[in-house]
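Here are a few friendly notes to read alongside the model. I begin with the term that the ligand point relies on.

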Amino acid sequence: MTQASTTRGPEPTDRSIYSVRNVSRRYGELAALDDVSLEITRGEWLSIVGPSGSGKSTLMNILGCMDSPTDGIVLLEGDRLDKMGEPELATVRREKIGLIFQQFHLVQHLTACENVMLAQHYHSIPDEKEALAALERVGMAERATHLPRELSGGEQQRVCVARALINHPDVILADEPTGNLDEVNERVVIDFFHQLHDAGTTLIVVTHDAEVAAQGQRQIILEHGRIAREVTDVLSTPTKGKPVTRTEIR
Ligand code: ADP
Ligand code: MG
């Protein structure tokens, strides 16, 4: 395990999917992110942890093309996200990024299948078969015609995972994906993340849960909008399905 207490990330390489350079996001006097630099390697599973209000969601929103920095540079596959306006950001979002949230954000009057197709709709002609196949992958095919309120939290999050996958994103960004789930459903979601990671998807996961964080190959710890610390797991085998106690977070 190596630790660094610098906000300056390593130099960018061809393997970087994201390069974040001296990024700040200010709200008036408050710097929600304060001069953050970070390289994220293609295919990496990165965990982002830190206390409430430390800037985790702000960073995720910038990486997810839902917000822009007030200072600094953000590159995704070489494209300057910080220079883009909403229409361009929306294109990047739907073509490259799958988003998963703690609060699910499903459309309440649409069925599970329609929610997945809605995401697909932005990308191409909606294809119910493809949406059903995505629901099948997360074990939700039989619930395809259910409304969100007819599903448990864990089932709703599985629908969200299917929705995130439907456009075959290069990167999955998940902000507290297991925050509203019981242990069984947390396991289901984490196992699914392992499958995606094994298939080469880049995963960036914000979490309060030490066990979830320890699934990542690297953890960055945010405090007051800065990277306070970074922990790199030296064990090459991920801890699939096991409780993790060896990785210290704080
Ligand atoms: P975390 O996800 O780590 O809990 P956030 O990124 O949501 O933290 O927030 C970081 C800081 O930025 C907090 O102090 C929060 O109050 C502030 N903040 C976030 N969004 C806004 C906003 N839209 N307007 C003003 N302040 C905000
Ligand atoms: Mg947050």
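A residue counts as near a molecule when its C-beta atom, placed from the backbone, lies within 6 Å of it. Please keep in mind that this is a predicted model.

1. Around the ligand. By that cut-off, the shell around ligand 1 consists of Tyr27, Leu30, Ala32, Gly50, Ser52, Gly53, Ser54, Gly55, Lys56, Ser57 and Thr58. By class, these residues divide into seven polar, three nonpolar and one charged.

2. Where the shell comes from. Which elements each supply at least two residues of the shell around ligand 1? They are S3 and helix H1, the latter spanning 56-63. H1 gives the largest share, with three residues.

3. The sheet. Strand S3 also belongs to an open sheet of four strands, ordered S3-S2-S5-S6 and paired in antiparallel fashion. Strands S3 (30-41) and S6 (79-80) are at the edges with a single partner strand each, so one side of each has no neighbour in the sheet.

4. The S5–S6 pairing. Strand S5, residues 71-76, runs antiparallel to S6, and two bridges join them. Across this pair, Leu76 stands opposite Asp79 in S6.

5. Confidence. The protein chain has a mean pLDDT of 87, with 86% of its residues at 70 or more. Residues 1-9 fall below 50, and this stretch has 19 contacts in the model beyond near neighbours in sequence. Over residues 236-250 the pLDDT also stays under 50, with 17 contacts beyond four places in sequence. For the model as a whole, the scores are ipTM 0.98 and pTM 0.86.

How values were computed. Residues are numbered from 1 along each chain as its sequence is written. Chains are lettered from A and ligands numbered from 1 in the order in which they are written. This is a predicted model: local features need pLDDT of at least 70, side-chain atom pairs count only at pLDDT 80 or more; totals for chains, interfaces and linings use all residues. Two strands pair if DSSP finds at least two bridges between them. Ala, Val, Leu, Ile, Met, Phe, Trp, Tyr, Cys and Pro count as nonpolar, Asp, Glu, Lys and Arg as charged, and the others, Gly among them, as polar. pLDDT is the predictor's confidence in each residue, from 0 to 100. Two residues are in contact if their C-beta atoms, placed from the backbone, lie within 7 Å.
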